[in-house]
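Here are a few exercises to work through with the model open beside you. Try each task yourself before you read its solution.

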2 protein chains.
Amino acid sequence: MSLVRPRVDCIEGYVPGEQPQDGGWVKLNTNENPYPPSPQVVEAIERAARAPLNKYPDPLATAFRRAVGELFDVDPDWVLPANGSDENLTILLRTYVDPGELVSYPYPSYILYETLADLQGADHRRLTLRPDWSWDVEGARETINHSKLVIVPNPNSPSGNRWDDTTICSLIPPRGLLVLDEAYGDFADEPHRMQLLQSEHGPRIVVTRTFSKSYSLAGLRLGFAVAHPEHITAMRKVKDSYNCDAVALAAGTAALLDQQWMLDNCRKIRATRARLSEQLERLGFDVVDSQANFVWATHPERPHRELYEQLKSQKILVRFMQFPDVGVDGLRITIGTDVEIDRLLEALADILRSS
Amino acid sequence: MSLVRPRVDCIEGYVPGEQPQDGGWVKLNTNENPYPPSPQVVEAIERAARAPLNKYPDPLATAFRRAVGELFDVDPDWVLPANGSDENLTILLRTYVDPGELVSYPYPSYILYETLADLQGADHRRLTLRPDWSWDVEGARETINHSKLVIVPNPNSPSGNRWDDTTICSLIPPRGLLVLDEAYGDFADEPHRMQLLQSEHGPRIVVTRTFSKSYSLAGLRLGFAVAHPEHITAMRKVKDSYNCDAVALAAGTAALLDQQWMLDNCRKIRATRARLSEQLERLGFDVVDSQANFVWATHPERPHRELYEQLKSQKILVRFMQFPDVGVDGLRITIGTDVEIDRLLEALADILRSS
């Protein structure tokens, strides 16, 4: 007799990208930032280490929320920090979705949404994107109309493209909320600055952001949601009292205050992204125009799984992803440093030349 | 129209103890350790700050689980770290309890269990303790028999007493699990070392521990569960992929490796606890024999809320707690440093002398 909830018993659990713990890898598989966090972040952590860690952190994360508020010109009551964007997504499901209610999301996209909906006992449906990664909004309309939450990553993963505001607003469910997962938002040529929240659609949108990508802090687990205060108040009831630790909050606050560091890294990543995209196309790949810190590359002839395996045998990790029910597979390649990308391109050129 | 789940809409949310952010307080209200964490922990955090924080942490927390395993002589597969014990309790509810299933816990006790059960849509029932904080096991039997989870803090809060193993094992639900919340376990005169998990009852018990109390790391948010591997495997499906950050895991591992530091602090706290209990009794309080880092004190004549307010006006914070439906109220006083406890005792003596 299993004591586990049937819904949990039958899921696989989300499998994150490989995280080899030994050294020597060119790691281009989990969209980490190749550059270190700001030196001010490192100093903030060192200061936090010597502050009274025997005391609980500020449960309201006052200083952190103020820094986010100043950055996006919103009141701190619009901000909820969390233990990574993952936690904010879980909090959103637990705040708004009763078992049996409907959650929908684009497909192919970030498959974690499905696991989270399963854990909450929600019904869930995929909104299949067109082969060019654009929305079939009319085809999705019926499902959206019945959804409590529609969760949309923008830019999308694995494709890296970004949808325009008009499209995004057309996805708001009439009796629910649109969750806009902007994990990769800072890598766009013109990043959003929460403008949609100030529009007439604002009250029906929750934006989630993370420090894992643009701020180079995947190791730290910190994210935040921005939304009208009634949503933040409801979500706060669901979160653990002290969901963010004192060290992460101090580091996150320092990261927000050093915008220049983050912006400089994003600029470098955009330049490398352009170069990688161009070189991959020269090697015969089709590459989606990316607004994120990765590109989605498909080769018209070579099996992607083999390319992935051959790269892996050279200690170069990219992400092989397949979405068999829509006949999509390919390689999602994180933008590394220029040196890492050169190594990848050389290896790929060799592989494609041989056999 | 509220979009929030009705179950969430109608709860208050757990209200943690006051956390004043200004200085100058004698803070004896949230059971923090008055002593700092081990210097080795501080060094581990500083090292982690300079390690590649742009990379995700080890999702399996291998080094940390190995350290816990060595401490309690179990395989690392028996261990699940979490973002504080709070997260492990949430994970347990989400792994084992479907909406409508029954969760029960002693009362008066840690009221957070009720909030967590509410959030999961569970039914929940209080198992009322006798006035001397002992169990009426036969009176609780019917509820236990229908429970999916029985959650028991041992030592209990706010009373601080610890129940013996025979009593604990009699609380295991026949079609569910007993969650043994040992947040205060290290402060007992003879701490448990997960022996119950090795007994015939082991497969039906999950123990949760935290670094917030004995390891002086409330600011860091780290806890762990220990249980037979089938439970850990199920719980792992529910947790976020990277629920513990690299800094917290490094700090926790260092804390585990410096047992002497923790044991020395616990010894000091036990000595202060004995002195505080004795002095409170001299001042006319009834004090429960505590195995935790706090004492539960009641005064036969003076209203506890007034005592709390009068102490607070002198910047001394203790926890006034009331459980009106069973006619219980009193003061839960955290064991601070000897200097802090002297200040408390002087203030209390003054207050009791006057009026």
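**Exercise 1.** Work out which residues of α3(B) are exposed on the other side of the helix, and which are buried.

*Solution.* Start with the exposed ones: Thr62(B) and Glu70(B). Helices (H or I, at least four residues) and strands (E, at least two) are DSSP runs, numbered from the N terminus.

Next, the buried set in α3 (residues 62–72) of chain B: Phe64(B), Arg65(B), Ala67(B) and Val68(B). They sit on the same side of α3(B) because they cover an arc of only 155° around the axis, the arc being that of the directions from the helix axis to the C-beta atoms.

Now look at what lies over them: the cover includes β2 (79–82), β8 (223–226) and α10 (246–257) of chain B. Contact means C-beta atoms, placed from the backbone, within 7 Å.

Last, step off the end of α3(B): Asp73(B) follows, and its phi is positive, near 60°.

A word on the source: this is a predicted model, where local features need pLDDT of at least 70 and side-chain atom pairs count only at pLDDT 80 or more, while totals for chains, interfaces and linings use all residues. Residues are numbered from 1 along each chain as its sequence is written, and chains are lettered from A and ligands numbered from 1 in the order in which they are written.

**Exercise 2.** Trace the order of the 7 strands in the open sheet of chain B.

*Solution.* Read across: β2-β8-β7-β6-β5-β3-β4, with mixed pairing. Two strands pair if DSSP finds at least two bridges between them. The edges are β2 and β4 (123–128) of chain B, each pairing on one side only.

Zoom in on one pair: β3 (residues 102–107) of chain B runs parallel with β4(B) over 6 bridges. There, Tyr105(B) stands opposite Arg126(B).

**Exercise 3.** How many residues does each chain bring to the contact between chain A and chain B?

*Solution.* Chain B brings 61 residues, and chain A brings 61 residues. On the side of chain B that touches chain A, α4 (85–96) of chain B gives the most, with 6 residues.

Notes. Buried ≥ 20, exposed ≤ 12 C-beta atoms within 10 Å, placed from the backbone. Contact = placed C-beta atoms within 7 Å.
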